[in-house]
Number of protein chains: 2
Amino acid sequence: MPTIKDVARLAGVSVATVSRVVNNAPKVSEKTKRNVNKVMDDLGYTPNANARALVMQKSMTMGVVIPDLTDPFFALLANGVEEAARANKMQLLLSTGMIDADSERKAITLLIEQQCDVLVVHSKKLCDEEIIKLAYRKPGLVLIDRYIKEIADRCVWLDNFEGGKTAARHLLSLQHTEFACISSKYEIDDPELRTNGFKSEIEKAGYLLDETLVGYGEPNLQGGEIATQTLLSTGKKFTAIFVYNDAMAIGAISTLENNGFKVPNDISVLGFDDVLLSRYSRPKLSTLHYPIKEMAIQAANIALDAVSNNIKVPQKREENKHVPIIVKRESTSLNK
Amino acid sequence: MPTIKDVARLAGVSVATVSRVVNNAPKVSEKTKRNVNKVMDDLGYTPNANARALVMQKSMTMGVVIPDLTDPFFALLANGVEEAARANKMQLLLSTGMIDADSERKAITLLIEQQCDVLVVHSKKLCDEEIIKLAYRKPGLVLIDRYIKEIADRCVWLDNFEGGKTAARHLLSLQHTEFACISSKYEIDDPELRTNGFKSEIEKAGYLLDETLVGYGEPNLQGGEIATQTLLSTGKKFTAIFVYNDAMAIGAISTLENNGFKVPNDISVLGFDDVLLSRYSRPKLSTLHYPIKEMAIQAANIALDAVSNNIKVPQKREENKHVPIIVKRESTSLNK
DNA sequence: TTGAAAGCGCTACCAG
DNA sequence: CTGGTAGCGCTTTCAA
């Protein structure tokens, strides 16, 4: 690969001049500019971003850590960060770290080594203290999808409890009174918060959420199918189910229909997330929209602000908290 | 951020020594090693990958360019590259470049500037010559999902024509004789190749593919719905449809069912790609498995070989060509 | 087993 | 408008 020196030599100018035309700095004569550009073209010269980052002390690079690219939810999160990167002429680095604290830590470390200026991190397994420490070390690090009080202005998160309540309100407004709920067995806060929010609003309205009508499963199609089967096997009646996520909800619909129930006529099914899947399901899934892409972009922008120490307006915490909203499609309807 | 010098100073050793313990080079006494490690810990020192890349002349970085992260197909491609990167302790850089040649070129250039050692590129719009030139400049660049004769050993691609034929054979074996086909209106080779392959095999078997029973649409749910509506409006009879991709196929099923046709009982629907979606559809979609993740991993490995000039065994071209295979699920069945 | 120093490719400052 | 040069953080000889 040709370097700036090669260009300088062939163009008969100094490296300083080449640098100037590369970054089109003001004071270069048209003539030399043309000349240098030509040489660069001939040589197929590309500036070395590493060298530049080294001297500039910034890499124009934005990192994101997510558990898994194949999960459409996280792909959308990455997509948001990528868009923010592109908008700021930065390059996206991506690390995946799932399952355990170790791999999450490793993913973050790798990105820090690469000198990412900003870092949008999705981490569920690293403990609070460790993340707080990282956040202090790295001003451009923002946490997404998780709330830690001590660094609240560096977090962008969803109010899952409120989401559960919103779900309940939707179903209640459709005059349902007999509810079931499917949750995830994964050990993170979200499922519990959603279920509790749902339950609290149901009870506030004077109804009950039967303990045995709360099912659990892996947060995917099959998990939804199995959990629904279990719900059905209680023999208890319910006319509406609130499901942890869209994938499980689609599994629920499938099992329900296989057992002779029509969705939504006999039973309404409400998902969560509003991923692509929900629009592809038949009936199209009613769900709660999780604005993950917008949240990702916001996270990136907060980080960007932090590093360019723009007056560093400490964000109002409330603005970093998001609330999912109902997207009513076809899988929920009036109870009759 | 603390640098190697800070560590050296505080540990009372030279930077050379620190470097040795960071890279755990052999000849360092246990004692200094412990000492230096402690200082690094206290300081929260992280090596600067840019500086390292600069002197080592390699970045331990793998780049991938795809059109769009939100498309599950491309997410899976990126996922494959990411896995290869992780397996080789490299970091993943991702650039998106869709729509036009310009943005594809820009995406690739960005990655080259970042000094990615290997580069897996999905590009449909850049012309052959330009890609060939890039491939010569950059030994670690491998093209995925496209075949260019001159650099065949740097390409990993799918035989779309053969895929169309496979689709036909599947439907033929199910005793269908009246066919329709839905293609994509996008201006790339793939749709045409698939349709032509399909047609050729149908005709070989002595049947016809009615020109008016070949529909076109955007390669998404809605495109499939609209195209199917058009097909239906011809009033002509068909018992099997071969659809360009899974998203459109699901749209087709939806429209078919809305018009009173049962899938697969009245009409069989066959998709292409075998993305996640196909398992979430009801009936579950029969489709052709496009091994994009494996192809991505292979592409990364070819690139890796090329840069570490491992005897540089020129790959057998045939090995770089992949053929989709039928995944029979529920949307296709015996014609009766 | 350790240290000194050159140099990777680039930017930015200071001179001219 | 242009050139010379220090130095970004690191690895890697070469000496000690």
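Reply: A residue is near a molecule or strand if its C-beta atom, placed from the backbone, lies within 6 Å of it. Among the 25 residues around DNA strand D, those that come nearest are Ser14(A), Ala16(A), Ile4(B), Ser19(B) and Ala51(B). This is a predicted model, in which local features need pLDDT of at least 70, side-chain atom pairs count only at pLDDT 80 or more, and totals for chains, interfaces and linings use all residues. Residues are numbered from 1 along each chain as its sequence is written, while chains are lettered from A and ligands numbered from 1 in the order in which they are written.

Me: Which element gives the largest share of the surface near DNA strand D?

Reply: Helices (H or I, at least four residues) and strands (E, at least two) are DSSP runs, numbered from the N terminus. Here α4(B) gives the largest share, 5 residues.

Me: How many residues of chain A are in contact with chain B?

Reply: Two residues are in contact if their C-beta atoms, placed from the backbone, lie within 7 Å. By that criterion, 39 residues of chain A are in contact with 39 residues of chain B. Moreover, 100% of the interface residues of chain A are also interface residues in chain B, so the copies meet through the same surface.

Me: In what sense do β2(A) and β2 of chain B pair?

Reply: Two strands pair if DSSP finds at least two bridges between them. β2(A) and strand β2 (residues 91-96) of chain B pair in the antiparallel sense, over 3 bridges. Leu94(A) has Leu92(B) as its bridge partner in β2(B).
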